[in-house]
Amino acid sequence: MPTANDRTKDSAKDGASARARSRSDAPPVSPVEDAGLAAIVSHPLVQAAAERFAVQEPRYREWQIEVTRIASPSFAEVARGQWLAQRFAEIGLTGIHRDEVGNILAMAPAQGNAQHPANANGNDSPKPCITVIAHIDTVFPPHTPTEVREEGSMLFGPGISDNSAGVTAMLAVAEAICSARIPLALPVLFVGSVGEEGEGDLRGVRHLFAESSAWRHRTAAVIAVDGAGTDNIVAEGLGSRRFEVTLRGPGGHSWSDAGAPSPILALARVLDRFSQVILPQSPSVPKSAVNVGTIEGGTSVNSIPEQARARVDIRSSGVAELDRLERALVLAVGYGVETENRRVLATPGRAFASLTSELRKIGDRPAGDLALDSRLLHTVRAVDSYLGNQAHLQRASTDANIPLSLGMEAITLGGGGSGGGAHTLQEWFDCEGREFGLQRLLLTVLGMAGLG
Ligand SMILES: [Zn+2]
């Protein structure tokens, strides 16, 4: 995922996400045009909340170190979820609970009776809400050392930025809203989501926004907080499909069964063939990427393996490209297996059982874009303009993919500071300037929720 420069900023994207593709045609919005934002930034309680950000930095840093120390691989997020629920309670959020899949939810309720345009329907149904999400899982397997090293404003440790920076920023914004008693026109739902990374396949947000979920129908906009930084607005969901290729054969002794088909050799041919797939380089075609992430198989050096397996990641912003690359993988599997089976058949001597293949889809993240004229994008642009912040529109694979694919307004922003080395043991985060990113997040949340 790291982008070009040295102090790589891993803001607002999952670790394996695509490089930035700026969409400079998005119109800048001046805060002067946005009367709602002008009223928000001049509100004394909002100013008080923003002032807390610099003062509270030692607490944020402590949260970030604590949460990083709790191992939380996808599918094993219980301990980190409990930690988050305790922080939500300390801050004073209400309705704290863990849902069926392990997401941790809490609410900053709306106050006052102001009629917000999004709630002008006049009936008694619960008010729409603004949903802020930070994923609590990491890519690191259990037993990865979770120590955090501190050097001045720098913190080092696996997951320190992705997504301890996002979790910390979500907590900081929730804390600021509660402690400054900012009157919200719409309630804000805060969610620590599970299963954002890798084979988690966005299972937390999939559940949160499932057809049967009340949150899908109540949520007016989604703001995901992922990683560090303030230089990106992820408004385009990068699609991805992930596959596990398994080849199986009779196996045998390397001498007495010599000539039997080898799943490992066949898999090598599959991957070599697939690696030759042509990826579009033209700016007019959606950018795509393929990766073979893991490979395994065999039991010992003198055994013909019975099995070989690889995991493959295909990414593109275009559905047609995803389809084309998936077809290329299917063809490569067929080619590798047939070539090995033909070799065995052509070899005189014993008959062996043929190789078989299985291609299993282990991930499918839909693509989706936020409309350039959406209220959410307009609000973030207005906030950036007010703060004098330069940010590029970016495409990435994050929790926002699911609501975007459902036609909801969703965006992913970084949690301030700067960070890099995501998904590596060298991951780092620099707390310097975090309050700027927190202010950006708070104003975006308030711009959407409105003041009561
Ligand atoms: Zn992330």
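These legends describe close-up views of a predicted model. Residues are numbered from 1 along each chain as its sequence is written. Because the model is predicted, local features need pLDDT of at least 70 and side-chain atom pairs count only at pLDDT 80 or more, while totals for chains, interfaces and linings use all residues.

**View A. The largest nonpolar core holds 92 residues.** A nonpolar core is a set of buried Ala, Val, Leu, Ile, Met, Phe, Trp, Tyr and Cys residues joined through C-beta atoms within 7 Å. Buried means that 20 or more other C-beta atoms lie within 10 Å of a residue's own, with C-beta atoms placed from the backbone. Ile 130, Val 173, Val 188, Ile 411 and Val 445 touch the most other members. Helix H5 (residues 164–179) gives the most, with 10 residues. Helices are DSSP runs of H or I, at least four residues, and strands are runs of E, at least two, numbered from the N terminus.

**View B. Strand S1 (residues 94–98) is hardly covered.** Among its 5 residues, the count of buried ones is 0. S1 runs antiparallel to strand S2 (residues 104–108), joined by 3 bridges. Two strands pair if DSSP finds at least two bridges between them. His 97 stands opposite Leu 105 in S2.

**View C. An open sheet has 4 strands in the order S11-S13-S9-S14.** The pairing is antiparallel. S11 (288–297) and S14 (356–365) stand at the edges, each with a single partner strand, so one side of each is left without a neighbour in the sheet. S11 and S13 (residues 307–316) pair over 9 bridges. Val 292 stands opposite Val 312 in S13.

Note on methods. Buried ≥ 20, exposed ≤ 12 C-beta atoms within 10 Å, placed from the backbone.
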